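This report covers the ligand site and the salt bridges of one protein model. Please keep the sequence and the structure at hand while reading.

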Amino acid sequence: MNGDLIKFDRLRGEMVKKQIEARGVSDPKVLSAMRNVPRHLFVSEALWDQAYGDFPLPIGHDQTISQPYIVAEMTEALQLDKQDRVLEIGTGSGYQAAICAEIAFRVYTIERIHSLYLSARRLFDQLKYHNIVTRYSDGTAGWREESPFDAVIVTAGAPEIPNPLISQLAIGGRMVIPVGNQYSQELIKVVREEEGIRTVNLGGCRFVKLLGEHGWKEL
Ligand code: SAH
């Protein structure tokens, strides 16, 4: 077990160097979060040896944990600080929420599949992520009671940016969201300004569908 810990620590160091720093992610807070979070614990034990590879992995229910580089790129785009409150749509394995929770003050994360919601909740308790708040519901409507958020991250592909998520973003707040059709999307960064929003296209990506009232209506 101890040997395992050392092995996974080494694999994680290599992952950060070769997959993340080498491709231009440079925010020290993001790099240190990616070094800290034990990614293998967010996938089933049969996949532990692949957990630090340069690819997404299945987490059941036809869903996936994103490739490490995508997680790092999206987190960097959020420009997180230690006082920030973050909303995540699509808890999945819980890995992206844990990365944000290493940097930000609090993370609110919503998942629509009950068993994924439950296993992520259990893992956050086990790993003592006391600053992650979970919710089982349709995240396309956001989390109005806890808004506004300094950052919003959507980890499933949307046909368009859900309006409630824009209105729950603080002035100066940042959002990253994959927008496109069901086969490919563009990763869009949205910054909410005093008089509207500014968007930047960060490039192509591929995510599972964001299903819900303000997302895709069916599978
Ligand atoms: N951030 C996750 C990636 C999960 S994949 C991780 O780090 O592992 C995308 C997740 O979004 C899936 O678990 C899917 O069930 C969830 N999802 C899709 N539409 C949703 C919605 N409307 N509300 C909440 N979760 C949603």
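Which element supplies the largest share of the shell around the ligand? Strand E2 does, with 3 residues. The model discussed here is predicted.

## The shell around the ligand

Four elements each supply at least two residues of the shell: strand E2 (63-65), strand E3 (85-89), helix H4 (95-103) and strand E4 (106-111). Around the ligand there are 27 residues, and those that come nearest are Ser93, Glu111, Asp138, Gly139 and Leu211.

Sorted by class, 12 residues of the shell are polar, 10 are nonpolar and 5 are charged.

## Polar contacts and cover

An N or O atom in the side chain of Glu88 is 3.0 Å from a nitrogen atom of the ligand. For Gly90, a backbone N or O atom lies 3.0 Å from a nitrogen atom of the ligand. On the oxygen side, a polar backbone atom of Gln96 is 3.1 Å from an oxygen atom of the ligand.

On its own the ligand has 580 Å² of accessible area, and the protein covers 99% of this. The largest cavity is the space taken by the ligand.

## Salt bridges

Side chains of opposite charge can pair when their charged atoms come close. Across the whole structure, a search finds 10 salt bridges. One of them joins Lys7 and Asp49, whose closest N and O atoms are 3.0 Å apart.

Lys7 belongs to helix H1 (residues 2-21), while Asp49 is in the loop between helix H2 (28-36) and strand E1 (57-60), so this pair ties together parts that are 42 residues apart in sequence.

Definitions and conventions. Residues numbered from 1 in each chain as written. Predicted model: local features only at pLDDT ≥ 70, side-chain atom pairs only at ≥ 80, totals over all residues. Heavy atoms only, no water. Near = heavy atom within 4 Å. Polar contact = N/O pair within 3.5 Å; in protein donor to acceptor, adjacent residues only side chain to side chain. Areas by Shrake-Rupley, 256 points an atom, 1.4 Å probe, with all protein chains shown as cover. 1 Å grid on protein atoms, 1.4 Å probe; cavity = no way out; pocket = protein on both sides within 12 Å on 5 of 7 lines; lining within 4 Å. Sits in = over half its atoms within 2 Å of the grid points. Nonpolar A, V, L, I, M, F, W, Y, C, P; charged D, E, K, R; others polar. Salt bridge = Lys/Arg side-chain N within 4 Å of Asp/Glu carboxyl O.
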